[in-house]
Amino acid sequence: MAGVTFSGADGTLFAYLVGEIDHHSAQQLRQAIDARLALAAPARLTLDFGGVTFMDSSGVGLILGRQKRMREAGGVLVVQRPPAQIQKMLELARVSYV
(Lines give C-alpha, C1' and ligand atoms only; values in the text may rest on other atoms or scores of the structure.)
Protein backbone atom coordinates (compact mmCIF):
# COMPACT_ATOMS: atom_id res chain seq x y z
CA MET A 1 0.00 0.00 0.00
CA ALA A 2 1.25 3.46 -0.88
CA GLY A 3 0.57 6.81 0.66
CA VAL A 4 1.35 10.47 0.15
CA THR A 5 1.78 13.48 2.40
CA PHE A 6 2.09 17.06 1.27
CA SER A 7 3.82 20.28 2.20
CA GLY A 8 4.21 23.51 0.33
CA ALA A 9 6.48 26.53 0.24
CA ASP A 10 7.30 29.33 -2.20
CA GLY A 11 5.08 28.09 -5.02
CA THR A 12 6.23 24.47 -4.72
CA LEU A 13 4.00 21.59 -3.73
CA PHE A 14 5.98 18.68 -2.26
CA ALA A 15 4.39 15.23 -2.45
CA TYR A 16 6.20 12.68 -0.28
CA LEU A 17 5.40 9.19 -1.57
CA VAL A 18 5.80 6.06 0.57
CA GLY A 19 5.20 2.35 0.17
CA GLU A 20 4.58 0.24 -2.90
CA ILE A 21 3.27 1.86 -6.07
CA ASP A 22 1.33 -0.55 -8.26
CA HIS A 23 -1.72 -0.21 -10.51
CA HIS A 24 -4.20 0.10 -7.64
CA SER A 25 -2.20 2.46 -5.44
CA ALA A 26 -1.12 4.61 -8.42
CA GLN A 27 -4.78 5.46 -9.05
CA GLN A 28 -5.24 6.53 -5.43
CA LEU A 29 -2.04 8.57 -5.47
CA ARG A 30 -3.06 10.21 -8.75
CA GLN A 31 -6.40 11.27 -7.28
CA ALA A 32 -4.79 12.63 -4.10
CA ILE A 33 -2.08 14.55 -5.97
CA ASP A 34 -4.48 15.95 -8.57
CA ALA A 35 -6.87 17.13 -5.86
CA ARG A 36 -4.03 18.93 -4.08
CA LEU A 37 -2.80 20.43 -7.37
CA ALA A 38 -6.29 21.80 -8.03
CA LEU A 39 -6.32 23.49 -4.62
CA ALA A 40 -2.76 24.80 -4.55
CA ALA A 41 -2.07 25.55 -8.25
CA PRO A 42 1.71 25.47 -7.64
CA ALA A 43 4.36 26.56 -10.13
CA ARG A 44 6.38 23.44 -9.25
CA LEU A 45 5.40 19.94 -8.16
CA THR A 46 8.13 17.90 -6.51
CA LEU A 47 7.48 14.18 -6.21
CA ASP A 48 9.74 12.73 -3.53
CA PHE A 49 10.27 8.97 -3.92
CA GLY A 50 12.52 8.57 -0.88
CA GLY A 51 9.97 6.38 0.92
CA VAL A 52 8.97 4.20 -2.03
CA THR A 53 9.93 0.55 -1.65
CA PHE A 54 8.52 -0.80 -4.94
CA MET A 55 7.20 0.69 -8.16
CA ASP A 56 5.95 -0.89 -11.37
CA SER A 57 5.16 0.82 -14.68
CA SER A 58 2.03 2.35 -13.13
CA GLY A 59 4.35 4.64 -11.18
CA VAL A 60 5.95 5.84 -14.40
CA GLY A 61 2.46 6.59 -15.71
CA LEU A 62 1.74 8.52 -12.52
CA ILE A 63 4.84 10.65 -13.07
CA LEU A 64 4.21 11.27 -16.77
CA GLY A 65 0.60 12.23 -16.15
CA ARG A 66 1.55 14.76 -13.46
CA GLN A 67 4.30 16.09 -15.72
CA LYS A 68 1.79 16.69 -18.52
CA ARG A 69 -0.63 18.34 -16.10
CA MET A 70 2.07 20.67 -14.77
CA ARG A 71 3.26 21.62 -18.27
CA GLU A 72 -0.30 22.42 -19.34
CA ALA A 73 -0.58 24.73 -16.32
CA GLY A 74 2.76 26.40 -17.12
CA GLY A 75 4.57 24.69 -14.27
CA VAL A 76 7.29 22.09 -13.85
CA LEU A 77 7.59 18.67 -12.28
CA VAL A 78 10.63 17.47 -10.37
CA VAL A 79 11.25 13.86 -9.33
CA GLN A 80 13.62 13.52 -6.40
CA ARG A 81 15.26 10.82 -4.28
CA PRO A 82 14.22 7.69 -6.21
CA PRO A 83 15.75 4.49 -4.79
CA ALA A 84 18.28 2.69 -7.02
CA GLN A 85 15.83 0.09 -8.34
CA ILE A 86 13.42 2.86 -9.36
CA GLN A 87 16.19 4.93 -10.93
CA LYS A 88 16.72 2.19 -13.52
CA MET A 89 13.05 2.26 -14.48
CA LEU A 90 13.05 6.06 -14.70
CA GLU A 91 16.15 6.01 -16.91
CA LEU A 92 14.51 3.53 -19.28
CA ALA A 93 11.43 5.77 -19.45
CA ARG A 94 13.68 8.83 -19.92
CA VAL A 95 12.35 10.53 -16.81
CA SER A 96 14.95 12.80 -15.23
CA TYR A 97 15.40 12.98 -11.47
CA VAL A 98 17.53 14.66 -8.84
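A residue is called exposed when its relative accessible area is over 50%, and buried when that area is under 20%. The structure described here is a predicted model. The side chains of K68 and E72 meet in a salt bridge, with 3.9 Å from N to O. Both residues belong to helix α2, and since they are 4 residues apart there, about one helical turn separates them. An α-helix has 3.6 residues a turn, so residues three or four places apart point the same way.

Helix α2 itself covers residues 57–72. From its first C-alpha to its last, this 16-residue helix reaches 23 Å, close to the 22 Å expected at 1.5 Å a residue. At its start, a side-chain oxygen of D56 comes to within 2.8 Å of the backbone nitrogen of S58. Just after the helix, G74 takes a positive phi of about 80 degrees.

The buried residues of α2 are S58, G59, V60, L62, I63, R66 and M70. What do these residues pack against? Their partners are β2 (12–21), α1 (23–40), β3 (44–55), β4 (76–80) and α3 (84–92).

One of the buried residues of α2 is an arginine, R66. Its relative accessibility is 6%, so R66 counts as buried. Where does its charged side chain find a partner? R66 forms a salt bridge with D34, and the closest N and O atoms are 2.7 Å apart. D34 lies in helix α1 and R66 in helix α2, so this pair ties together parts that are 32 residues apart in sequence. D34 counts as buried as well, because its relative accessibility is 18%, which falls under the 20% cut-off.

The whole structure holds 4 salt bridges. Another of them brings together the side chains of R81 and D48, at 2.9 Å from N to O. This pair links distant parts of the chain, with R81 in the loop between β4 and α3 and D48 in strand β3, 33 residues apart. Are the two partners buried or exposed? R81 is exposed, with a relative accessible area of 52%, whereas D48 counts as buried at 3% relative accessibility. Side chains of opposite charge can pair when their charged atoms come close.

R81 also stands out in its backbone. Its phi is positive, about 55 degrees, although R81 is not a glycine. R94 is another residue other than glycine with a positive phi, in this case near 60 degrees. R94 is found in the segment after α3, and its relative accessible area of 78% makes R94 exposed.

The largest nonpolar core has 23 residues. Within this core, the residues with the most contacts are L17, I21, L45, L47, F49, M55 and I63. The elements β2, α1, β3, α2, β4 and α3 each supply at least two residues of the core. Which element gives the most? Strand β3 does, with 5 residues.

M55 shows how contacts run between these elements. Leaving out residues up to four places away in sequence, M55 touches I21, F49, V60, I86, M89 and L90. Among these, V60 is one of the buried residues of α2, and I63, also buried in that helix, is among the residues with the most contacts in the core.

A search of the whole structure finds 1 aromatic pair. F14 and Y16 form this pair, which is stacked, with 6.1 Å from centre to centre and 15 degrees between the planes. F14 is partly exposed, with a relative accessible area of 22%. Y16 is partly exposed too, at 31%.

Conventions: Residues numbered from 1 in each chain as written. Predicted model: local features only at pLDDT ≥ 70, side-chain atom pairs only at ≥ 80, totals over all residues. Heavy atoms only, no water. Expected span 1.5 Å × (residues − 1). Buried < 20%, exposed > 50% of the residue type's maximum accessible area, 1.4 Å probe, protein only. Contact = heavy atoms within 4.5 Å. Polar contact = N/O pair within 3.5 Å; in protein donor to acceptor, adjacent residues only side chain to side chain. Core = buried A, V, L, I, M, F, W, Y, C linked by side-chain atoms within 4.5 Å. Phe/Tyr/Trp six-rings, centres within 6.5 Å; stacked < 30°, edge-to-face > 60°.
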